[in-house]
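Me: I'm new to this one and would like to go through it slowly. Could you put the structure up?

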Amino acid sequence: MKTSKKKFFITTPIYYVNDVPHIGHAYTTIAADVIARYKRLEGYEVSFLTGTDEHGQKVLQAARDLKIEPQEHVDKLHKRFKELWTRFNISNDDFIRTTEKRHKELVTHILKQLYDRKEIYKDSYEGWYCTPDERFWTEKDLVGGNCPECGREVDKIKEHNYFFKMSSYQNWLKEYIKLNDKFIQPTSRRNEVLGFLEKPLGDLCISRPKERLPWGIPLPFDENYVTYVWFDALINYISAHGSIEKNKTPEFWPANHQLIGKDILTTHAVYWSTMLKAIGLDPPLNLFAHGWWTINGKKMSKSIGNVVEPNLLIDQFGVDAIRYFLLREVPFGLDGDFSHKSLINRINSDLANNLGNLLNRTMSMIERYHDQMVPAPTLPTEDFGLIDEFKKGIEDVHRLYDDLSYNKILERIWLLVDTTNKYIDTNSPWNLVKTENGKLRLCTVMYNTVECIRSISILIYPFMPKSADTIMKQLGIEQTIEELGLESLKNWGGIKPGTKIQPGLQLFPRIEDKEAEKILSNVEPIGEKNKEQYQPPAIEGICDQVLIDDFMKIDLRTGKIIEAEKIKKSKKLLKLKVDIGNEVRQVVAGIAESYEPDHLLNRTIILVANLKPVKLMGIESQGMLLAANNNGQIVLAGFDLEPSKGIRVR
């Protein structure tokens, strides 16, 4: 009998569609993506939900300012989040919008159900209303006469509205939190909610008069009102999985993790929990409220223009470097200060010098000593310590996932990277190759090194999926990491001897001092004043058009690299000898950070053959190679099939 997979449900908040996606949105979503990917590797059937909150006063006002319908407005805006999640390689299974039919139908169903059971009632209300936050406040809540959340002016409003009997669930919620240590994390947030519940809990206003706010889900029992945006939005976590049938829990509920920012803790821990209790469903197993990212010690704010724009970061540093930095730099749950300098340091030390160098040196040695084939090991006793260290490290990583200790997970994985580098240095393959007995030992050392890298690539996959896939391809492993799963880590020896490696580009090129200085001097976070000037590049901009006659003046030729060497005192330049059929050209190319000289030999490239010779570092260059800059990595242009030398490229 076929058994069904265990289910796992993780959510981000749904992001307010009027916001510009910023690093805080990316932080929450990447964190959720890591857990989703990890659980899939464990064999779970995962549902990973994110989306956009599209009702409310601010959306309506923005649409009116643009003289368009609100639906047209949100149809355009929600794409910004979808496009950013695609760029960040987010693996969400669903993206819900609160203007979708499936969501509106369930909100309407729940409202009707609660109203019929007398959980909702109508009453007059007088209070101070903050339009930007779309919330009522009492006199004692105000700070200096203004909204305690955003500091803006509030308006005195008296009107009839509908209320959910939230206060009747106060004692239940207090006891539930005390009995369930993992329900709200970290502990400081749990204590914060318990402190909030020491004061009398009022009932929740869940409507707005349609004459004041027509943009929302109409109440099924009074057509003159729409649903308050928070009551509407929270239901997305269950509306994504369909209707609520009598005595039947929705698929995937309760959620295993709901990741939120600390600013919306009360609405989730109190509003959402009491709503679920009234509906007849259990609260999520875990609400995790993480901290905020500041910049230079200040909270990011559109008004002062210090918001870090995620698309710009991707353009400058690449996706996986940002994913790694955000979850490595600060313990999940605490506030963190964003710094481009710290980001560059992490890229250079952890990614380039450590993991990247480990892969590069291993590929180079297998290519040099074993003709690109993974050798068969003899597994002498002295290497059992290495294997045991990896076994313990993998167990530690599994345990740390239970507490969402992202930075500790990455610290533990990097201890394994350090262990592997130390293993290479201790055994010194460059000395082993000098004797016959040493060559036997060399086979084991190189096999174990490759096996270490294979294990590391699977462990980093949830954090850096593209980089992990690239490592596996360079190791010559054809199966995807998701196909292999965590099961493949249980036994040492997952890579078959005789596998042909596929050396490629440097995984994480270093950011040199001059380049770092240039980046830091030009750091200008996107703010309210200039946010519209930046658009994420779907494709690179097209240059000015040229006539075909002008283009035909460029003589592009196929050539084969027959020699390659580094140029002393230069970190970027290589000196190449290129055979273009009727002659051999000397070319100086700025590709040293992306290609090792040995990996370029016998490679067919495209050469600009009629370029006027120039001197670089005192060496004459007689042409230029065609290449693309892929997020800082140089990728040489090439061919599917091998052409002859000296053929003109058109």
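Me: Which charged end sits over the ring of tryptophan 292?

Reply: That is the charged end of lysine 262, which lies 4.5 Å from the centre of the ring of tryptophan 292. A charge is said to sit over a ring if NZ of Lys or CZ of Arg is within 6 Å of the ring centre and within 35 degrees of the ring normal. The charged end of arginine 368 likewise sits over the ring of tyrosine 369, at 5.8 Å from its centre.

Me: Before we go on, what kind of model is this?

Reply: It is a predicted model, in which local features need pLDDT of at least 70 and side-chain atom pairs count only at pLDDT 80 or more, while totals for chains, interfaces and linings use all residues. Residues are numbered from 1 along each chain as its sequence is written, and side-chain values use heavy atoms, with hydrogens and water left out.

Me: OK, rings next. How many aromatic pairs are there?

Reply: A search of the whole structure gives 29 aromatic pairs, where rings of Phe, Tyr and Trp (its six-membered ring) pair if their centres lie within 6.5 Å, and planes under 30 degrees apart count as stacked, over 60 as edge-to-face and the rest as tilted. One of them joins tyrosine 15 and phenylalanine 81, a stacked pair at 5.7 Å centre to centre with 10° between the planes.

Me: Where do tyrosine 15 and phenylalanine 81 sit in the chain?

Reply: Tyrosine 15 belongs to strand β1 (residues 7-16) and phenylalanine 81 to helix α3 (residues 70-87), so the pair links distant parts of the chain, 66 residues apart; helices (H or I, at least four residues) and strands (E, at least two) are DSSP runs, numbered from the N terminus.

Me: Are tyrosine 15 and phenylalanine 81 buried or exposed?

Reply: Both tyrosine 15 and phenylalanine 81 are buried, a term for under 20% relative accessible area, with exposed being over 50% and partly exposed in between (1.4 Å probe, protein chains only).

Me: Switching topic, where is lysine 165 found?

Reply: Lysine 165 is in the loop between β6 (155-164) and α5 (170-179), and it is partly exposed, with a relative accessible area of 31%.

Me: And which residues does lysine 165 touch?

Reply: Leaving aside residues up to four places away in sequence, lysine 165 touches Lys118, Glu119, Tyr121 and Asp203, where contact means heavy atoms within 4.5 Å. The side chain of lysine 165 also reaches the backbone oxygen of lysine 118 at 3.0 Å.

Technical notes:
A polar contact is a pair of N or O atoms within 3.5 Å; within protein, one must be able to donate a hydrogen and the other to accept it, and residues adjacent in sequence count only if both atoms are side-chain atoms.
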